[in-house]
Amino acid sequence: EDGGHSQPGSGYCENCLTGKYFDEATNSCKICPKNTFSTSGAPNLAGCHSCKGGEYASPGSGYCLSCSSGTYYDEPLNTCLDCPSGTSTATGGIGLEECKQ
């Protein structure tokens, strides 16, 4: 089954949940890293897809998000914040340095 794995000796496939991938070394499902996602359980780490430019995702996400124009993504706070006065972003940025005059 696509994206599935089976436990040793098992006669059926299992899938990891959304936002997770199967780690063969530990024979378990692990959370996709930050700024990656899997819509359904991924068969391996490579199956956790990277977010497009200007998008972000928390660890274990099933989709990416983007900040709106005039805001930027603050990674430590894991949220979108307004750009400082006199600066802006066209489509929302990742990091304060994306806010430009």
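**Exercise 1. How many bridges join strand E9 to E11, and do they run parallel or antiparallel?**

Solution. 
- Step 1. Find strand E9 at residues 71-74.
- Step 2. Count its bridges to E11: there are 2.
- Step 3. Read the direction: E9 and E11 run parallel.
- Step 4. Pick out a facing pair. Tyr 73 stands opposite Ile 94 in E11.

Keep in mind throughout that this is a predicted model.

**Exercise 2. Give the order of the open sheet of 3 strands, then say which strands stand at the edges.**

Solution. 
- Step 1. Write down the order: E10-E9-E11.
- Step 2. Note the pairing, which is mixed in this open sheet.
- Step 3. Look for strands with a single partner. These are E10 (79-82) and E11 (93-94), and they stand at the edges.

As background, strands of a sheet pair through backbone hydrogen bonds, either parallel or antiparallel.

**Exercise 3. Describe how strand E3 meets strand E4.**

Solution. 
- Step 1. Locate the strands: E3 covers residues 20-23, and E4 covers residues 28-31.
- Step 2. Count the bridges. There are 4, and the strands run antiparallel.
- Step 3. Find a facing pair: Asp 23 stands opposite Ser 28 in E4.
- Step 4. E3 and E4 form a hairpin, with 4 residues between them.
- Step 5. Check the turn. Asn 27 lies there, with a positive phi of about 55 degrees.

**Exercise 4. Is Ser 38 buried or exposed, and what does its side chain reach?**

Solution. 
- Step 1. Ser 38 sits in the loop between strand E5 (36-37) and strand E6 (49-50).
- Step 2. Take its relative accessible area, which is 1%. The cut-off for buried is under 20%. Ser 38 is therefore buried.
- Step 3. Follow the side chain of Ser 38 to the backbone nitrogen of Gly 19, at 2.9 Å.
- Step 4. Follow the Ser 38 side chain also to the backbone oxygen of Lys 20, at 3.2 Å.
- Step 5. List residues that Ser 38 touches, leaving out those up to four places away in sequence. Among them are Leu 17, Thr 18, Cys 32, Gly 47 and Ser 61.

**Exercise 5. Summarise the whole chain: how many helices and strands does it have, and what share of its residues counts as buried?**

Solution. 
- Step 1. Count the elements: 0 helices and 11 strands.
- Step 2. Take the buried share. Of the 101 residues, 32% count as buried.
- Step 3. Consider contacts between residues at least 6 apart in sequence. Of these, 22% join residues at least 24 apart.

Notes:
Residues are numbered from 1 along each chain as its sequence is written. This is a predicted model: local features need pLDDT of at least 70, side-chain atom pairs count only at pLDDT 80 or more; totals for chains, interfaces and linings use all residues. Side-chain values use heavy atoms; hydrogens and water are left out. Buried means under 20% relative accessible area, exposed over 50%, partly exposed in between (1.4 Å probe, protein chains only). A polar contact is a pair of N or O atoms within 3.5 Å; within protein, one must be able to donate a hydrogen and the other to accept it, and residues adjacent in sequence count only if both atoms are side-chain atoms. Contact means heavy atoms within 4.5 Å. Two strands pair if DSSP finds at least two bridges between them.
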